[in-house]
Amino acid sequence: MDFSPHTGTIEKKRTDCLILGAYEKYKLTSSAEKIDQAADGTLSKLLKRENFKGQAGDTLLLHQLPGCRADRILLVGLGKKKTLTDKIYRKALDAAIQTIAGIPAKRTLCALLEAPVPGCDSRWKARQIALAFADGCYRFTELKSEPNALPVLAHLDLHCRDKEESETAVRGAREGHAIAAGMKLTKDLANLPGNICTPAYLADRAQQLADRYRKLKVTVLEEAEMEKLGMGALLAVSRGSRQPAKLIVLEYQGGKAKDRPTALVGKGLTFDAGGISLKPSESMDEMKYDMCGGASVLGTLLTTAELDLPLNVVGVIPASENLPDGNAIKPGDIVKTMAGKTVEILNTDAEGRLILCDALTYTERFEPKRVIDIATLTGACLVALGRHATGLLANEEDLAHTLIKAGEAALDRAWQLPLWDEFQEQLKSNFADLPNIGGREGGTITAACFLSRFTEKFTWAHLDIAGTAWNTGQNKGATGRPVPLLSQFLLDQRPE
Ligand code: BES
Ligand code: MN
Ligand code: ZN
């Protein structure tokens with residue numbers, strides 16, 4: 001989708017659809033008022049006739065209004081003018097794109113930048129508009145033999161007050177567009193089934209990404225190399241599968257060679273059957289999404305490269321399947337990690353932490369300034385936080401705080417859980433240095449405690465996206481989260 005700023009007279013612009021904002025009690029935004037005047041009051045008359053409430057999420061589609069050159073007008077409710085917030089604004093945008101996606105409009109003109117949202121500037125609003133529109137048009141049709149021929153919105157004009165605002169809007173829209181592109185890659189990979197999206201497939205897609213951007217380099221470690229490095233935990237998970245594991249390493253160099261990178265480590269488990277501790281069959285298909293952390297690393301690197309950010313970022317993705325097999329690890333097995341610690345595997349379904357611990361140890365070689373891992377790690381996170389917030393645990397408060405703030409700004413929120421020493425007590429093994437599970441209580445926290453034993457050498461945060469990476473039920477599908485949060489975090493990093 002392309003974007004361009006528009007600064008002319010709104011009623012004179014030819015377009016397939018003009019999007020206008022309206023508040024409750026028939027109050028109009030200034031562009032809507034102009035159109036109403038040009039139409040001799042027809043707009044406000046129709047609003048009343050159609051009983052348009054103007055609540056956030058309400059929309060009303062009108063055709064060929066007199067005095068206006070747009071084929072259609074889409075009115076979007078913004079709620080009460082005084083209580084308009086960032087979240088309501090985004091809700092209104094999402095409702096708008098829902099309607100647009102169902103009509104044959106190729107080109108639209110959006111006049112929603114003018115609605116004042118406290119604490120949000122034109123750049124933020126333009127970013128959200130571009131993001132909501134590009135992301136709202138996303139459909140996964142790759143594997144349907146007859147994809148629904150939906151009309152595609154190809155061009156979005158953003159109505160701006162003046163030249164100055166149009167410069168800010170272009171900047172914001174570019175950012176929104178890049179974030180949407182990262183989310184699209186993340187969702188595409190995530191929605192692919194396990195028989196297509198294997199560890200080798202993920203590695204190929206990482207290679208393709210690196211081929212596209214000069215500043216991005218990829219290395220893929222094979223099992224033989226993992227063996228040499230002593231990655232006994234990662235290899236233990238992969239034993240039960242016929243697909244060889246891959247350790248995908250991406251290096252984006254946008255900063256100076258000596259700038260320490262931010263490392264993003266993403267769980268890339270392309271199918272989690274649980275291994276010998278086999279999962280129940282209900283909803284097991286959704287375990288194709290167990291590579292969403294890894295996919296979000298690829299997506300965020302795409303956004304980073306697309307925006308040409310002046311930073312160094314390393315992406316590390318341990319990719320494997322977790323299946324039961326004669327050669328699979330068994331409960332009670334003890335393996336040695338790359339860090340030298342031994343782990344008693346009491347439940348083969350707690351495999352994410354096993355592949356991540358070796359990937360985290362491997363990340364030490366990049367001397368990262370900070371490490372953020374992203375993983376669909378625990379069902380317990382879904383129980384604790386539902387599907388709205390990503391779980392966040394960290395060994396440093398500043399990093400936790402910055403990530404929370406980035407999530408708030410990007411409307412992709414995370415909520416912190418405690419990583420107190422008391423919880424570490426739950427990780428005790430009679431036979432090895434530590435077990436891979438810590439009992440039923442505080443499952444998300446003890447999983448993070450396990451990881452914390454392998455991140456002592458750096459500043460680290462863990463994002464548990466078990467509840468936020470995909471939607472279940474009728475709208476089953478990947479969400480692209482937490483690409484917006486991570487992109488915002490990287491956008492906010494100023495190189496020192
Ligand atoms: N990938 C799952 C976590 C998961 C489950 C995410 C359901 C989203 C929805 C992970 O590998 C897993 O199986 N975790 C176990 C850990 C337990 C054995 C300690 C879990 O959550 O049940
Ligand atoms: Mn599992
Ligand atoms: Zn898993």
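Predicted model: local features only at pLDDT ≥ 70, side-chain atom pairs only at ≥ 80, totals over all residues.
Biologist: Which residues coordinate the manganese ion (ligand 2)?

Modeller: Asp 272 and Glu 351 coordinate through OD and OE, respectively, and Asp 349 through both O and OD, at 2.0 to 2.2 Å. Along the chain, the donors follow the spacing D-x76-D-x1-E.

Biologist: Where do Asp 272 and Glu 351 sit in the chain?

Modeller: Asp 272 is in strand 10 (residues 268-272). Glu 351 is in the loop between strand 13 (342-344) and helix 10 (352-363). The two are 79 residues apart, so the pair links distant parts of the chain.

Biologist: Why is the arrangement around the manganese ion (ligand 2) irregular?

Modeller: Because the 6 donor atoms subtend angles of 70 to 169°. Six donors would count as octahedral if opposite ones were over 155 degrees apart and all others between 65 and 115.

Biologist: Asp 272 again: buried or exposed?

Modeller: Asp 272 is buried, at 3% relative accessible area. Glu 351 is buried too, at 1%.

Biologist: And which metal ions does Asp 272 bridge?

Modeller: The manganese ion (ligand 2) and the zinc ion (ligand 3), which lie 3.2 Å apart.

Biologist: Switching to ligand 1, which residues are closest?

Modeller: Of the 16 residues around ligand 1, the closest are Lys 279, Asp 290, Asp 349, Glu 351 and Gly 379.

Biologist: What about polar atoms of Asp 272 and ligand 1?

Modeller: A polar side-chain atom of Asp 272 is 2.9 Å from an oxygen atom of ligand 1. A backbone N or O atom of Thr 376 lies 3.3 Å from a nitrogen atom of ligand 1.

Biologist: How much of the accessible area of ligand 1 does the protein cover?

Modeller: The protein covers 78% of the 510 Å² that ligand 1 has on its own.

Definitions and conventions
Residues numbered from 1 in each chain as written. Chains lettered and ligands numbered in written order. Heavy atoms only, no water. Donors = N, O, S within 2.8 Å, 3.2 Å for Na, K, Ca; no water. Tetrahedral: all angles 85-135°; square planar, octahedral: opposite > 155°, others 65-115°. Helix = DSSP H or I, 4+ residues; strand = E, 2+ residues; numbered from the N terminus. Buried < 20%, exposed > 50% of the residue type's maximum accessible area, 1.4 Å probe, protein only. Near = heavy atom within 4 Å. Polar contact = N/O pair within 3.5 Å; in protein donor to acceptor, adjacent residues only side chain to side chain. Areas by Shrake-Rupley, 256 points an atom, 1.4 Å probe, with all protein chains shown as cover.
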